[in-house]
Amino acid sequence: MAQLAATSDKNKLKVDASSKIFDVMAVVIVGLVALICVAPFILMLSGSLSDESKIVVNGYSLLPQDFTLDAYKIVFTTLGGEIGRAYLVTIYVTVLGTLLGLLTTSMSGFILSRPDFKHRDKVAFFIYFTTLFSGGLIPTYLVVANVLHLNHTLWAIILPGMLSPFNVYLFRNYVKSIPNSLMESARIDGAGDFRIYWQIVLPLSKPVSATIGLFLGLGYWNNWFGYSLYLISDQEKWGLQYLLYRMLSRVTDAVRDAQIVVDQLPSETMKLATTMLVTGPIILLYPYMQRHFVSGLIVGGVKG
């Protein structure tokens, strides 16, 4: 007995030692990957606060070189009004598109999770089929512009990004993890389908809703291609990302209109400063969504 106990203790020690080694290696690897991901953002922030001449001579660095806010001053001088308007447009599109996307995605996922839905398999296959084959850019443009007549409106940006097959399946799989007895008891008490969806399913689906909301929000916030298709001549309806894209191609004209000497323009730092203004808010939002994002993605991606 004593020998068995000693052997068991040795095995425990070996397991514990190997676990500690694995934990250390995991922390080191994850830390390096995180550093690689954060490094470009640090370089971008440092460059936007640096003097243009130092960047031209020395290149980029992790710390600001001759700290200055000239790039931000020029951005607000030349594009101040446009940036403010683009912020409002992007926030409006992101908030409205995310809310509508969550509503349509959750309702679709809830219906597909119902075993009593007669045509569930056919509808699920139809949704899945769109992940394999799509109409392409030209048919999509013709539908949005010529069939729905949404050209030159923000709905051309909002509607195409509302519903995603991946998000629908993610929500459906999460709803399958909710005990069916809750819905059956509510039905016995006289609750209808919409009331079950609104008062039972949605409150219990906050993690996956936060995950899908983050996907939708990032998609709308970072969208620039849709503006170039449907709103290229509607400058007052440009979003932040498309404004940044246009700014990079017309810096010289914007500065000449503002009576700034082109040769003295901090073009590199100005680009970095504008990028920081565009990406900053969404980066600050992510830490608040991370906890729900991880749990919702794991549960929604694993279940049935």
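Q: How do the residues lining the largest cavity divide into nonpolar, polar and charged?
A: In this predicted model, the lining of the largest cavity has 3 nonpolar, 1 polar and 2 charged residues.

Q: Which residues are they?
A: The lining consists of E82, R85, A86, Q235, W238 and L243. Helix 3 (residues 70-113) gives the most, with 3 residues.

Q: What volume does that cavity have?
A: About 30 Å³. Searching the whole structure for cavities of 30 Å³ or more turns up 1.

Q: And the largest pocket, what is its volume?
A: The largest pocket comes to about 750 Å³. It is lined by 28 residues, and the closest to its centre are L159, P160, G161, L163 and S164.

Q: Switching to T211. Where does that one lie?
A: T211 is in helix 10, which spans residues 206-221.

Q: Buried or exposed?
A: T211 counts as buried because its relative accessibility is 0%.

Q: What does its side chain reach?
A: The T211 side chain reaches the backbone oxygen of P207, at 3.0 Å.

Q: Back to the whole chain. How many helices and strands?
A: The protein chain has 14 helices and 0 strands. Of its 304 residues, 36% count as buried.

Q: What about contacts between residues at least 6 apart in sequence, how many of those join residues at least 24 apart?
A: In the protein chain, 74% of them do.

Q: What is the mean pLDDT?
A: The protein chain has a mean pLDDT of 81, with 82% of its residues at 70 or more.

Q: Which elements have the lowest and highest mean pLDDT?
A: Helix 13 (residues 251-257) has the lowest, 53, and helix 6 (residues 155-158) has the highest, 95.

Q: Where is the pLDDT below 50?
A: One such stretch is residues 259-264, which has 5 contacts in the model beyond near neighbours in sequence. Residues 300-304 are also below 50, and that stretch has 10 contacts counted beyond near neighbours.

Conventions. Residues numbered from 1 in each chain as written. Predicted model: local features only at pLDDT ≥ 70, side-chain atom pairs only at ≥ 80, totals over all residues. Heavy atoms only, no water. pLDDT = per-residue confidence, 0-100. Helix = DSSP H or I, 4+ residues; strand = E, 2+ residues; numbered from the N terminus. Contact = heavy atoms within 4.5 Å. Buried < 20%, exposed > 50% of the residue type's maximum accessible area, 1.4 Å probe, protein only. Polar contact = N/O pair within 3.5 Å; in protein donor to acceptor, adjacent residues only side chain to side chain. 1 Å grid on protein atoms, 1.4 Å probe; cavity = no way out; pocket = protein on both sides within 12 Å on 5 of 7 lines; lining within 4 Å. Points joined across faces, edges and corners; volume = space filled by probe spheres on them. Nonpolar A, V, L, I, M, F, W, Y, C, P; charged D, E, K, R; others polar.
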